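Student: Hi! Could you walk me through this protein? I'd like to go bit by bit.

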Amino acid sequence: LLLATAAHSQAVSPDPQRQSLGSLNSVGEVFVNESRAPSELTIFSGDVVRTGETGTAILTTSGNSSFQISHQSQVVFTGDPYYFAELKLGTIFVKSLGGTGGAVVRAGNFVVVPTNRNEQTTATIERMADGSFLVTCLAGNVGVISRREAPGLFLQAGQSARISPKNELVALEKPTLAPI
């Protein structure tokens with residue numbers, strides 16, 4: 001029975017050129033390539049994960065990274081050599097336990113990448129309704145680097161940046177607390 005369950009939860013890529021990227025665990029309305037996803041399956045390069053109103057999913061890679069996809073989000077796991085995933089809609093939480101290769105996420109014409117291979121990094125990337133992106137570093141350090149020739153930014157824990165719908169990058173000020 002255990003072998004049958006394990007075999008049932010794993011997907012086999014229809015294209016031998018597609019690389020296995022990690023294991024996806026999902027709850028609620030989650031779709032992979034527009035088909036309803038079982039609670040656990042293997043994700044391959046080129047797969048599109050979309051969550052509905054009640055869905056969330058976590059992709060865990062062999063490279064010590066995890067990607068938590070919030071409800072009403074869409075992420076393409078590209079397998080591209082320059083970035084691992086692209087946020088199309090909604091919010092993704094990225095956690096890297098060391099190393100940078102598997103935790104790079106594209107947001108517009110920028111990529112968000114951990115900058116220190118020796119520390120845990122956590123970041124949130126949210127695509128806003130106006131087409132802009134909000135990038136927040138929660139732990140460690142991340143770079144928000146242009147895929148074109150525009151300047152980038154490095155964020156430390158607690159810092160955020162906004163990528164406008166026109167792909168302009170702006171550091172956001174830390175909120176100040178008013179005296180009581």
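Student: What do the side chains of Glu86 and Lys88 do?

Tutor: They meet in a salt bridge, at 3.4 Å from N to O. A salt bridge here is a side-chain nitrogen of Lys or Arg within 4 Å of a carboxyl oxygen of Asp or Glu. Before we go on, this is a predicted model, where local features need pLDDT of at least 70, side-chain atom pairs count only at pLDDT 80 or more, and totals for chains, interfaces and linings use all residues. Residues are numbered from 1 along each chain as its sequence is written, and side-chain values use heavy atoms, with hydrogens and water left out.

Student: Good to know. Is Glu86 buried or exposed?

Tutor: Glu86 counts as buried, because its relative accessibility is 14%. The cut-offs are under 20% relative accessible area for buried, over 50% for exposed, and partly exposed in between, using a 1.4 Å probe and protein chains only.

Student: Which residues are linked with Glu86 in a network of salt bridges?

Tutor: Lys88 and Arg106 are linked with Glu86 in that network.

Student: And how many salt bridges does the count come to?

Tutor: The count comes to four. One of them joins Arg50 and Glu34, whose closest N and O atoms are 2.9 Å apart. Arg50 lies in strand 5 (residues 47-51) and Glu34 in the loop between strand 2 (30-32) and strand 3, so this pair ties together parts that are 16 residues apart in sequence. Strands, by the way, are DSSP runs of E with at least two residues, numbered from the N terminus.

Student: What about Arg162 and Asp130, how do their side chains meet?

Tutor: In a salt bridge too, at 3.1 Å from N to O. Arg162 lies in strand 16 (residues 160-163), while Asp130 is in the loop between strand 12 and strand 13 (133-139), so the pair ties together parts that are 32 residues apart in sequence. Arg162 is partly exposed, with a relative accessible area of 31%, and Asp130 is partly exposed at 45%.

Student: New topic! How many of the residues in strand 11 are buried?

Tutor: Five of its five, across residues 110-114. Phe110, Val112 and Pro114 are on one side, with Val111 and Val113 on the other.

Student: Which strands pair with strand 11 in the antiparallel sense?

Tutor: Strand 10 (residues 105-107) is joined to strand 11 by three bridges and runs antiparallel to it. Strand 14 (residues 141-146) also pairs with strand 11 in the antiparallel sense, over five bridges. Pairing means DSSP finds at least two bridges between the strands.

Student: What do strand 10 and strand 11 form?

Tutor: They form a hairpin with two residues between them, and Gly108 in the turn has a positive phi of about 65 degrees.

Student: Which residues is Thr121 in contact with?

Tutor: Leaving aside neighbours within four places in sequence, the contacts of Thr121 include Pro114, Ala139 and Val142. Contact means heavy atoms within 4.5 Å. Thr121 lies in strand 12 (residues 121-127) and is buried, at 3% relative accessible area.

Student: Last one: is Ser39 buried or exposed?

Tutor: Ser39 is exposed, with a relative accessible area of 53%. You'll find Ser39 in the loop between strand 3 (35-36) and strand 4 (40-44). Leaving aside neighbours within four places in sequence, Ser39 is in contact with Leu24, Asn25 and Ser26.

Key:
Helices (H or I, at least four residues) and strands (E, at least two) are DSSP runs, numbered from the N terminus.
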